[in-house]
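Work through the exercises below with the sequence and the 3D view at hand. Try each task before reading its solution.

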Amino acid sequence: MRFKRIIGGFLCALLLFGQIGVAASAEGEGESAAAELSLYATAAVLMDADSGRVLYGKDQDTPMPMASTTKIMTCITVLENGNLDDMLTVSAYASSMPKVKLYLRTGEQYQVRDLLFSLMLESHNDSAVALAEYIGKQYLSPKLQEKDTGAFTSEESKEAVAAFAALMNKKAAELGCTQTYFITPNGLDATETITLENGETVTKEHCTTAAELARIMSYCIKESPQRDLFLEITRTPSYTFSANSRSFVCANHNSFLSMMEGALSGKTGFTNKAGYCYVGSLERDGRTFVVALLACGWPNNKNYKWSDTKELMQYGIDHYFYRSFLEDGVAFDESTLNPILVAGGQTDVLGGTAYTDVVIIGRGVGASDDKNVAGLLLREDEEVQVICNVKERLDAPVQAGTVVGDISYLVDDKVYYTEKIVTTQSVEKIDLPWCVEQIRERFCLP
């Protein structure tokens, strides 16, 4: 038995250090291609939308202003907290927003649905504020909740917008975006001073990072319960509506939708401080890529964002392909798992050693949550590291189905998938009745 345990330990060591999905190479074809990318953007990210993994990054974690790409969070926040058929009333504050705008007038009423198309296709700043007030008003005092938005003072409107921004920031935090901070719903540059509990003040800017902007877009198109509506709105080429005896036509300014096969969604942005920004997505052959660009080309050329987006998307298409962690050559070999000794466990005969067999559960079922994916987009030169951790000994009693270990699948030292190892048999603890029975059987006592 000792010999079996030595062999088992040797096999686990081999699996720990040697079982990989693909051969590693520091100078692989994919890395060489990434090094040759020439981008105009100050910060850029190519992300796998399904796993949230950054496939390429350039200053990806540097907080920067993001202009109207902000509106993807505005849109999804309204979709998740409002009703498209509701009517809202325009405040004086909303109608005072600078260009680009729909030219809403104080006191006018609009359907939420119509202003969402205005927001995402034409990037209208007044529509963004009107929508923010519509949602944010629900979090104000009962008195202000009952007050018509059209009668709001400027301060009351700002209070409603701040409540909406708090919802945006809450969602960003839920998505793990620790460097993102929203102040405005339209992306206009802004700063604010916050007083902390200890009395200190901190000045914060409206900002995000390329990695976190890509994460937010991934949520909007893949995870949000309102993702279908988000995609419907952002993919619409043109939208016409009438309200307040006026007619409006909104044209989609996301030119990327017609630039590459599989283009899915996106949002442009520009301010003098942020420069040209863009976040877009593409789906092809079961793969979904997101590109986020900050400070791309200003003041040189507003079209640089399109060339950067196409270059990053093509890099992803050419070099990243899905590999399952459960396919041959990658998946942990279950047959190498040895029975585990159960100290103090009952056996068939007195003096024997108790063991329980173990098995991997959930294999082939797929991801158990959004942080556990059954495969990844990988370059040919990337490796999957498989680590098995399992107990060598248990103390009786042991129940069948007890978790005794796990198998982790890592890429770049990050765990993307785990499997549980459980016992298959129950083993009772040695007790006096069992000992008496064993003695009786051994000595043939009646």
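Buried means under 20% relative accessible area, exposed means over 50%, and partly exposed lies in between (1.4 Å probe, protein chains only). The model is predicted: local features need pLDDT of at least 70 and side-chain atom pairs count only at pLDDT 80 or more, while totals for chains, interfaces and linings use all residues. Residues are numbered from 1 along each chain as its sequence is written, and side-chain values use heavy atoms, with hydrogens and water left out.

**Exercise 1. Describe the protein chain as a whole.**

Step 1. Take the secondary structure: the protein chain has 12 helices and 20 strands. Helices (H or I, at least four residues) and strands (E, at least two) are DSSP runs, numbered from the N terminus.

Step 2. Turn to burial. Of the 446 residues of the protein chain, 51% count as buried.

Step 3. Look at contacts, meaning heavy atoms within 4.5 Å. Among contacts with a separation of 6 or more in the protein chain, 67% are between residues 24 or more positions apart.

**Exercise 2. Classify the ring pair of Phe256 and Tyr278, and say whether each residue is buried or exposed.**

Step 1. Recall the rule: rings of Phe, Tyr and Trp (its six-membered ring) pair if their centres lie within 6.5 Å; planes under 30 degrees apart count as stacked, over 60 as edge-to-face and the rest as tilted.

Step 2. Search the whole structure, which gives 12 aromatic pairs. For Phe256 and Tyr278 the ring centres are 6.3 Å apart and the planes stand at 65°, so this pair is edge-to-face.

Step 3. Phe256 is in the loop between strand E8 (246-251) and strand E9 (263-271), and Tyr278 is in strand E10 (residues 275-284); the pair links distant parts of the chain, 22 residues apart.

Step 4. Check burial. Phe256 is buried, at 0% relative accessibility, and Tyr278 is buried at 0% relative accessibility.

Step 5. Locate the ring cluster: ring pairs link Tyr110, Phe117, Tyr239, Phe241 and Phe248.

**Exercise 3. Trace the sheet that contains E1, and find what packs on it.**

Step 1. Write down the order. An open sheet of 5 strands runs E2-E1-E11-E10-E9, with antiparallel pairing. Two strands pair if DSSP finds at least two bridges between them.

Step 2. From one strand to the next, the twist averages 10°.

Step 3. Axes are lines fitted to C-alpha atoms, for helices over the stretch in contact, and angles run from 0 to 180 degrees between N-to-C directions.

Step 4. Follow E1 on both sides. Strand E1 (residues 41-48) is joined to E2 by 5 bridges, with Leu46 opposite Tyr56 and Asp48 opposite Arg53. E1 is joined to E11 by 7 bridges, where Ala41 has Cys296 as its bridge partner.

Step 5. Inspect the turn: the hairpin of E1 and E2 has 4 residues between the strands, and Gly52 takes a positive phi near 80°.

Step 6. Judge the burial of E1. Because 7 of its 8 residues are buried, E1 is largely enclosed by the rest of the structure.

**Exercise 4. Which residues touch the most other members of the largest nonpolar core?**

Step 1. A nonpolar core is a set of buried Ala, Val, Leu, Ile, Met, Phe, Trp, Tyr and Cys residues joined through side-chain atoms within 4.5 Å.

Step 2. The largest has 68 residues, and Ile72, Leu116 and Phe230 touch the most other members. H9 gives the most to this core, with 9 residues.

Step 3. Leaving out residues up to four places away in sequence, Leu116 touches Cys75, Val78, Leu79, Leu84, Leu131 and Ile233.

Step 4. Another core lies apart from it, with 28 residues, among them Leu337, Val358, Cys388 and Val427.

**Exercise 5. Describe the pairing of E20.**

Step 1. Strand E15 (residues 358-361) and strand E20 (residues 414-423) pair in the antiparallel sense over 4 bridges; Ile361 has Lys420 as its bridge partner.

Step 2. Strand E19 (residues 403-411) pairs with E20 over 8 bridges, also antiparallel, and Tyr409 stands opposite Tyr417.

Step 3. E19 and E20 form a hairpin with 2 residues between them, where Asp412 in the turn has a positive phi of about 55°.
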